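Here are some friendly notes to read alongside the model. Please keep the structure open as you go through them.

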Amino acid sequence: QVQLVESGGGLVQAGGSLRLSCVASGRTSSIDSMGWFRQAPGKEREKLASINRRAGNTYYADGMKGRFTISRDNAKNTVALQMNSLRPEDTALYYCAADRTYQVTNTPDYWGQGTQVTVSP
């Protein structure tokens, strides 16, 4: 089993930045990719970005690249999401995910509990 714990969420004004972090523990050798999803109230959960832990190759959903940057630190078993130029529509619960595939699928094997990001106008 793998456990994921997110941190770094909070309240920020529009135009500001936040850096989310997720640390993995347990059988981390079994996971090949980590990524981020979000779910806004009344909306479906959407995948934002993914990164392959060995190669470092990244995937971004349409419209995410440019404002959001995913990175990993294998020595610390962490993945981060740097979010810039935040907008009120970015308000959501952000989830870390890990998978045993090259990039995180839409149904990853492991989920974190989520961290709230609220962007005020």
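1. A word on the model first. This is a predicted model, in which local features need pLDDT of at least 70 and side-chain atom pairs count only at pLDDT 80 or more, while totals for chains, interfaces and linings use all residues. Residues are numbered from 1 along each chain as its sequence is written, and side-chain values use heavy atoms, with hydrogens and water left out.

2. Fold. The protein has 11 strands and 0 helices; here helices (H or I, at least four residues) and strands (E, at least two) are DSSP runs, numbered from the N terminus. The pattern along the sequence is β-β-β-β-β-β-β-β-β-β-β. The radius of gyration, taken over C-alpha atoms, is 13 Å, close to the 14 Å given by the globule rule for 121 residues, so the protein is as compact as a globular protein of that length. That rule is 2.2 Å times the number of residues to the power 0.38. Along the principal axes, the C-alpha atoms fill a box of roughly 40 × 25 × 25 Å.

3. Packing and contacts. Of the 121 residues in the protein, 45% are buried, where buried means under 20% relative accessible area, exposed over 50% and partly exposed in between (1.4 Å probe, protein chains only). Among contacts (heavy atoms within 4.5 Å) between residues at least 6 apart in sequence, 56% join residues at least 24 apart.

4. The disulfide. How many disulfides does a search of the whole structure find? The search finds 1 disulfide, a term for a pair of cysteine sulfur atoms within 2.5 Å. C22 and C96 form it, with their sulfur atoms 2.1 Å apart. The pair links distant parts of the chain, 74 residues apart: C22 is in strand β3 (residues 18-26) and C96 in strand β9 (residues 92-99). The torsion about the S-S bond is about -80°, so this disulfide is left-handed. C22 counts as buried at 0% relative accessibility, and C96 counts as buried at 0% relative accessibility.

5. A neighbour of C22. V5 is in strand β1 (residues 2-7). Leaving aside residues up to four places away in sequence, V5 touches S21, C22 and V23. V5 and W36 are 12 Å apart, C-alpha to C-alpha, and 31 residues apart in sequence.
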